[in-house]
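Here are my notes on the model, point by point. Have the sequence and the structure open while you read.

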Amino acid sequence: MPAAAPDIPALLAAAARAGQGLTALAPRACAAALGLDSLTLCLLNSSGLELVWYDPADRTAITFEDLQYTIGEGPTLDTAHTGDSIIVPDLHTVSEHRWPALLGVPHEKLPHAVHGRSGA
């Protein structure tokens, strides 16, 4: 039986109360606990989206986030604009009409699964 996923919002709240913030949580460990390959956190402010929490060793996730900002489309941007969660189990099977510029990028630069989530 797999281990239960941690309550990441509760862990973040506890870290904030302790004055630790996001640095108290390892993105790689949180991703693994949730059954994901990568996990990033972007915030939307008046200047646009900003990547604020990620594993510096996870070049695929960082490159994918940068690619979305550069191209101007993708699940992170859709999530930011709509507030809806975006779950794509296999990015390579998405219709080219959904994100034509993003999906026109060579496949080796794209991760397989992506999940964008909006929340308080």
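1. Confidence first. In the protein chain, confidence is lowest in strand E4 (residues 114-116), with a mean of 60, and highest in helix H5 (residues 100-103), at 90. The score is pLDDT, the predictor's confidence in each residue on a scale from 0 to 100. The chain as a whole has a mean pLDDT of 80, and 85% of its residues reach 70 or more. Where pLDDT is low, the predicted coordinates should not be read in detail.

2. Ground rules. This is a predicted model, in which local features need pLDDT of at least 70 and side-chain atom pairs count only at pLDDT 80 or more, while totals for chains, interfaces and linings use all residues. Residues are numbered from 1 along each chain as its sequence is written, and side-chain values use heavy atoms, with hydrogens and water left out.

3. Overall layout. The protein chain has five helices and four strands, in the order α-α-β-β-α-α-β-α-β along the sequence. Helices (H or I, at least four residues) and strands (E, at least two) are DSSP runs, numbered from the N terminus. Of the 120 residues, 31% are buried; buried means under 20% relative accessible area, exposed over 50%, and partly exposed in between (1.4 Å probe, protein chains only). The chain exposes about 7600 Å², and carbon and sulfur atoms supply 55% of that. Those areas come from the Shrake-Rupley method with a 1.4 Å probe, and for residues only the protein chains shown count as cover.

4. Contacts along the chain. Take the contacts (heavy atoms within 4.5 Å) between residues at least 6 apart in sequence: 44% of them join residues at least 24 apart.

5. The E1/E2 pair. Strand E1 (residues 41-45) and E2 run antiparallel and are joined by five bridges; two strands pair if DSSP finds at least two bridges between them. A hairpin of two residues links E1 to E2. Cys 42 sits opposite Leu 51 in E2, and Leu 44 has Leu 49 as its bridge partner there.

6. Val 52. This residue belongs to strand E2 and is partly exposed, at a relative accessible area of 30%. Setting aside residues up to four places away in sequence, Val 52 touches Leu 22, Leu 41, Cys 42 and Leu 43. Leu 22 is 30 residues from Val 52 in sequence, yet their C-alpha atoms are 8.9 Å apart.

7. Asp 55 is worth a look. Buried or exposed? Asp 55 is buried, because its relative accessible area is 14%. Asp 55 lies in the loop between strand E2 (48-53) and helix H3 (59-71). The Asp 55 side chain makes a polar contact with the side chain of Arg 28, at 2.7 Å. A polar contact here is a pair of N or O atoms within 3.5 Å; within protein, one must be able to donate a hydrogen and the other to accept it, and residues adjacent in sequence count only if both atoms are side-chain atoms. Beyond its neighbours within four places in sequence, Asp 55 is in contact with Pro 27, Arg 28 and Ile 62.

8. Ile 8. Go to helix H1 (residues 8-17) for this one. Ile 8 counts as buried because its relative accessibility is 14%. Neighbours within four places aside, Ile 8 is in contact with Leu 25, Cys 30 and Leu 34.

9. The cores. The largest nonpolar core has eleven residues, including Phe 64, Leu 67, Ile 86, Val 88 and Trp 99. H3, strand E3 (86-88) and H5 each supply at least two residues of this core. Apart from it lies another core of six residues, among them Leu 25, Ala 31, Leu 39 and Trp 53. A nonpolar core is a set of buried Ala, Val, Leu, Ile, Met, Phe, Trp, Tyr and Cys residues joined through side-chain atoms within 4.5 Å.

10. Helix H4. In H4 (residues 75-82), Pro 75, Thr 76, Leu 77 and Thr 79 are buried. Gly 83 follows H4, with a positive phi near 80°.
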